[in-house]
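Let's take a friendly look inside a protein model. Keep the sequence and the 3D view side by side as you read.

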Amino acid sequence: MVEAVALEKRYKVGKADLWALDSINMTLKRGKTLALVGESGCGKSTLARLFSLLERPTGGKILFEGRDLGKLPRGELSRFRRAVQMIFQDPYSSLNPRMRVGEIIGEPLDIHKLASGRARSERIEELLTLVGLPEDAARRYPREFSGGQRQRISIARALAVEPEVIIADEPLSALDVSVQAQIITLLKKLQEERGLTYLFISHDLRVVEYLADEVAVMYLGELVEEASGAELFDEPLHPYTRALIASSAKPDPGEPRGDGGVKGEAPSPLTRPKGCFFHPRCPKAFDTCYHVRPEPLTLAGGRMVRCHLYSQG
């Protein structure tokens, strides 16, 4: 559906370059969920903004159904903008407090000229029912709803134009655990019924393990590992992935996973280390890691890892 090819995003900070994303290659497969995980500040949300064209890449390209979005005329981008929708992290700030819920959900219908009059009202009612909200919600303001209900409104807005891809940027982080479970169930149900493709961005590995078909791990603006969800959680390869999994909450504290959590702080993207970006925090680092940046390696079964441990011999 959507593919990133050597995607880069840099920001100028004085005379220096801040690398938010560096050489990202990623494919969203139709009807599947690709989860993107990593610490705060690693570039996950930047990638979401590029995939939704809220920002433009500095280098590389984004393909939609094989076509380079950077070369499409403005008029031809409407198909992409309708097909790819976004659910934002904060259900409190992502909804206009001065608009009634019906106006919020109906706005995409107006922009894409999909419905008007009675048909528009019926579509709004249908979407509210779909996400588990009462029909009278259309006449109320976002402030009258809880965080979980507001996120359901955001989901209804994203579904209004019948998208094929939904980019969910930390959609659960502002919600209570019990509400998170409801939203996860809703997202899963919608995917099964509508064949939706998800890019699901999260730092909660328990949710990722449940939802994701494939998982990509990001560190300091680059992908360090990508594999199926089953492979990655059963046998993480990159030391950073192992540390992330070890840091996550465990159902059984008597069964430790990995070899210890992530130690220390990530370096600044303004002053990335020479060699492997992770080597200052890596318990497995050796001399090559300090001087040579590892290239991504494709291993048996198609999984990718960027680590010198797997390039030896």
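## About the model

This is a predicted model, in which local features need pLDDT of at least 70 and side-chain atom pairs count only at pLDDT 80 or more, while totals for chains, interfaces and linings use all residues. Residues are numbered from 1 along each chain as its sequence is written, and side-chain values use heavy atoms, leaving out hydrogens and water.

## The cores

A nonpolar core is a set of buried Ala, Val, Leu, Ile, Met, Phe, Trp, Tyr and Cys residues joined through side-chain atoms within 4.5 Å; buried means under 20% relative accessible area (1.4 Å probe, protein chains only). The largest one here has 37 residues, and I105, L128, I153, I155, L159 and L190 have the most contacts inside it. Among the elements giving two or more residues to this core are α3 (101-111), α5 (147-159) and β7 (165-169). Helices (H or I, at least four residues) and strands (E, at least two) are DSSP runs, numbered from the N terminus. The biggest giver is α6, with 6 residues.

Another core, of 33 residues, lies apart from this one and includes A4, M26, L47 and V84.

## Two helices side by side

How do α3 and α5 pack? Their angle is about 30°, with axes 7 Å apart (axes are lines fitted to C-alpha atoms over the stretch in contact, and angles run from 0 to 180 degrees between N-to-C directions). So α3 is roughly parallel to α5, a label for angles under 35 degrees.

V101, I104, I105 and P108 of α3 meet I153, A156 and R157 of α5, where contact means heavy atoms within 4.5 Å.

How values were computed:
Buried means under 20% relative accessible area, exposed over 50%, partly exposed in between (1.4 Å probe, protein chains only). Angles under 35 degrees count as roughly parallel, over 145 as roughly antiparallel, 65 to 115 as roughly perpendicular and the rest as oblique.
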